[in-house]
Protein chains: 2
Amino acid sequence: MPDIHASRRDRLRDRATGSGLDAVLVTSLTNVAYLTGFTGSNAALIVAADGADLLGTDGRYLIQAQHEVPDVQRLIDRKALGAMAQMLAKRGTRALGYESHVVTVDERAGLVEALPDTRLASVEGAVEELRATKDEHEIELLRSACRLADAALAGLLADGGLRAGRTERQVGRDLDARMLDLGADAVSFETIVAAGPNSAIPHHSPTDRALDRGDLVTLDFGATYRGYHSDMTRTYVLGEPADWQREIYELVAAAQRAGRHALGIGADVVAVDRAARDVIGAAGYAEAFGHGLGHGVGLVIHEAPMMGPTGTGTLGELMTVTVEPGVYLEGRGGVRIEDTLVVRADGPELLTLTSKDFTVLPDRNNQI
Amino acid sequence: MPDIHASRRDRLRDRATGSGLDAVLVTSLTNVAYLTGFTGSNAALIVAADGADLLGTDGRYLIQAQHEVPDVQRLIDRKALGAMAQMLAKRGTRALGYESHVVTVDERAGLVEALPDTRLASVEGAVEELRATKDEHEIELLRSACRLADAALAGLLADGGLRAGRTERQVGRDLDARMLDLGADAVSFETIVAAGPNSAIPHHSPTDRALDRGDLVTLDFGATYRGYHSDMTRTYVLGEPADWQREIYELVAAAQRAGRHALGIGADVVAVDRAARDVIGAAGYAEAFGHGLGHGVGLVIHEAPMMGPTGTGTLGELMTVTVEPGVYLEGRGGVRIEDTLVVRADGPELLTLTSKDFTVLPDRNNQI
C-alpha cells in the first residue's frame, strides 16, 4: 500500500511545513509503521519538507525494509537514530520536529549533540491525531479483526466451550486458539475471562478458578489482523440467572445502547461518556461504573480518542472507538458489554457483530 | 518477598546517598517491579535517602498494590507521576535522581514544572546495573522457567511433534501450549520455529511452511515464570542429515562450548564473544555469524550484560546470560545453539538442560 503510506506522510509533511519545520523525526515504532508500513522492531523515520523522506533501521531488517517500504529511501545502520541525526545535520536542517512524548531525555541529548545548529520543536501527538481518523483500508482490516473475534466466540459457544467445570484459564486459551486457528496474527491483549465474583474485577487475569453454575462470565478479548486490533466484551450467565444478574445486564445493555447512539460526528467525547453513564447513574449504580466509556482502537489497542469523564475533544468521521460500560458489584459479579464501532455520517457502523441479547448458557454437566 | 525488595531498594538508596541525592524517582516499570514486587501496568517509585519510599499507581491497582507491596507506602492517583512530583516538592527535595533513558522529554518537563527548586540528575542504568547480578531467589525462578521450557521440548519430541508435514506455525503453537500447560505464566517471546532455508534467518517468524525431510529445524523459545524469562535454542535435522548440516552443527556446538567455558567472574564480555567467534572464524564461517554471542536475561528477555563484539564491561558472579552462536547459510539453512547460564566462581551453572548432542529426528510419514 505505498500510496496510502505516501499520502499519510504527506499529511504530516503539510503540518510540518505549516509549522515552519524542515523535517519531522518520527521515533514511535507504531507511528513509523503507520506512515510507511514497516513492521520491524527498530526504526525511525524522517519526513522532510522537501520530500526526501528516509527510513532508518538496522541490518536485521535490510530485506524486510526493502520489501515493506519500497517507496522510501532507506538507511541501514546498527545505530540508526544516530546515523539519521548525522544525515539531518549534513542536510543543514534548521528546524526539526520530534516526538517529545516518545523521545527520552537521553535520546534528545544525542540529537542536540549531533545537531548543534538545529532548533528542536515538539510535534507531540501529531501522528496520533492523524491515526485517530481511519481510512477505509484500515477499517477493512479492523473489520477483519473483529470478524475473527466474532467467529472464535461463536465457535466457542457452539462447541459448549463455556461451561461449568472449565477454568477461566482453559476458556481463555480455547478462545485464543480459535482466533489463531481462524487466521488472527495474534491476540490483541491478554484475554480476560472472569467468572463469578471475578467478573467484578474489570481487568481480571484468568485463573484456575472453575466456572460454576450461576456465574456471570465476562469475556473481553480481541484478534490482531495485519497490525489492527479488535476489542469486544460479552457477559453470559451459566445456568439459571438470578434477578440481580438480569437486572444489571439489562442496565449495562441499555447504557451501552445509549453510548452507541451518542456516537456521531462532532459529538463531544465527554457527552458520549455521559450518555451511557447517566443511564447507570439513574439506576443508582453510578459508583459501580468506575472506568471510562471507551477508547480509540487501531494499530494499538488503546489510542486516541479516549472517551471518559475527563476526555477532551470531539469525534470525527471514520474514528473507530469502543463503547464498553460496565457495572461491577464487589464480591458478587459484574457485567461489561463492549463493541468496536466506526463513526460515520449516517450513524455508527458496528464492527463486532456478536449478539448482545441477554443469554443464559445451558447448565451442562459435561466434564472437561 | 518484602525483605528481598527492601534490600534491593537499600542498594539503590546507598548509591543515591553516595551521589548526594535526596531521592531517586524510578519510572521504568520493570525497575519498579524489581525494587518492589509490583506487577501492575502503571507505577512509579520514590526511593528516598531518608527511607520514606513511596509507590505510586492508579485506582485499578489499589488492592493489588496492597497485596504485592505491603512494606512501602502507597499513593493512589489517576495521574500518579504528577502526584508523586507534588509529594517530592512538599518534602523539599533538593536533588532528585531520575531515569533519563526512560523518562520522555514531556515527562521531564512535567517534573521541572512541579519541582522548580529541585536539581534533576540522571541515574541512567543504575537499576539495570543492579539487576544484572541476580540473587539466589531470582536464580531459582530462572531455573524454574528454564525447566518448563526443557520439559515442553522433551514432550514435543517424545510425542513426535517435530515431524515432516507439520507447519512451523503448528510446531510453535504446540510448544507454546506445552509450556503453558506445564505452568508457565506466558511465553518469553514469540517462539521461533525455522525450518529448511528459513533456519538461515536468525529471527524468523513461524510461517505455514511445512517441515520437510532433510530440513534443519531451529527452535528458539522460552517460558516466563513469576516474571523471569528462560531462553533456549536447539536445532535438529529431520531425517538423514547432509554432510554440511552435520559440519555446521558440530562447528556451532564447539563454538557454543567455547563460549560457555569462557564465562567466568571478571571475564571481559568482548573476550567471551571472541572465544566462540574465533572457533567459527577459524573454520571459515566468520561472515555467517552476524550477531552477538549472548545477553543477560531476567525480568526482561534482553538485558545487561550484552556480550558481543562491541560490548563493554566484565562478567560478575551471579550474572545470568545466554550463549548462542549460530551459523547461517542463506538459502540453505542455519544452526543456532543457545543455553541460559549463571556465572559462578566454580564455573557456570547450566539452567537449560536439554541435550545439545547432534540429533537426527526419525523420518516419520505421519500425517498431521
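1. A salt bridge is counted here when a side-chain nitrogen of Lys or Arg lies within 4 Å of a carboxyl oxygen of Asp or Glu. On that rule the structure holds 55 salt bridges over all chains. This is a predicted model, in which local features need pLDDT of at least 70 and side-chain atom pairs count only at pLDDT 80 or more, while totals for chains, interfaces and linings use all residues. Residues are numbered from 1 along each chain as its sequence is written, chains are lettered from A and ligands numbered from 1 in the order in which they are written, and side-chain values use heavy atoms, with hydrogens and water left out.

2. The contact between the two chains (heavy atoms within 4.5 Å) takes 19 residues from chain A and 19 residues from chain B. Together the chains bury about 1,400 Å², of which 48% is on carbon and sulfur atoms. Val105(B), Asp106(B) and Arg173(B) supply 37% of the area that chain B buries against chain A, more than any other three residues. Buried area is the accessible area (1.4 Å probe) that two parts lose on being put together, summed over both.

3. Which residue of chain A meets the side chain of Arg173(B) in a salt bridge? The partner is Asp181(A), with N to O at 2.7 Å. The count of salt bridges between chain B and chain A is 2. There are also 12 residue pairs in polar contact between these chains, both residues being at pLDDT 80 or more. A polar contact is a pair of N or O atoms within 3.5 Å; within protein, one must be able to donate a hydrogen and the other to accept it, and residues adjacent in sequence count only if both atoms are side-chain atoms.

4. On the side of chain B that touches chain A, the elements giving two or more residues are helix H5 (105-114) and helix H8 (168-182) of chain B. H8(B) gives the largest share, 4 residues. Helices (H or I, at least four residues) and strands (E, at least two) are DSSP runs, numbered from the N terminus. By class, this side of chain B has 7 nonpolar, 5 polar and 7 charged residues. Here Ala, Val, Leu, Ile, Met, Phe, Trp, Tyr, Cys and Pro count as nonpolar, Asp, Glu, Lys and Arg as charged, and the others, Gly among them, as polar.

5. The lining of the second largest pocket includes Arg131(A), His302(A), Glu303(A) and Ala304(A). Helix H6 (126-132) and strand E14 (303-307) of chain A each supply at least two lining residues, and H6(A) gives the largest share, 3 residues. The lining has 2 nonpolar, 4 polar and 5 charged residues.

6. Two of the residues named in that lining, Glu303(A) and Arg131(A), form a salt bridge, with the closest N and O atoms 2.9 Å apart. This pair links distant parts of the chain, since Glu303(A) is in strand E14 and Arg131(A) is in helix H6 of chain A, 172 residues apart.

7. Some backbone values deserve a check. Most residues other than glycine have a negative phi, and most peptide bonds are trans. The bond joining Ala304(A) and Pro305(A) is cis, with omega about 0°, and Pro305(A) lies in strand E14 of chain A. In chain B, the peptide bond from Ala304(B) to Pro305(B) is cis, with omega near 0°. Arg226(A) has a positive phi near 45°, in the loop between strand E10 (223-225) and strand E11 (228-229) of chain A. Leu318(A) has a positive phi of about 70°.

Key
On a 1 Å grid over the protein atoms alone, a cavity is a set of points where a 1.4 Å probe fits but cannot get out, and a pocket is an open set with protein on both sides within 12 Å along at least five of seven lines; lining residues have an atom within 4 Å of a point.
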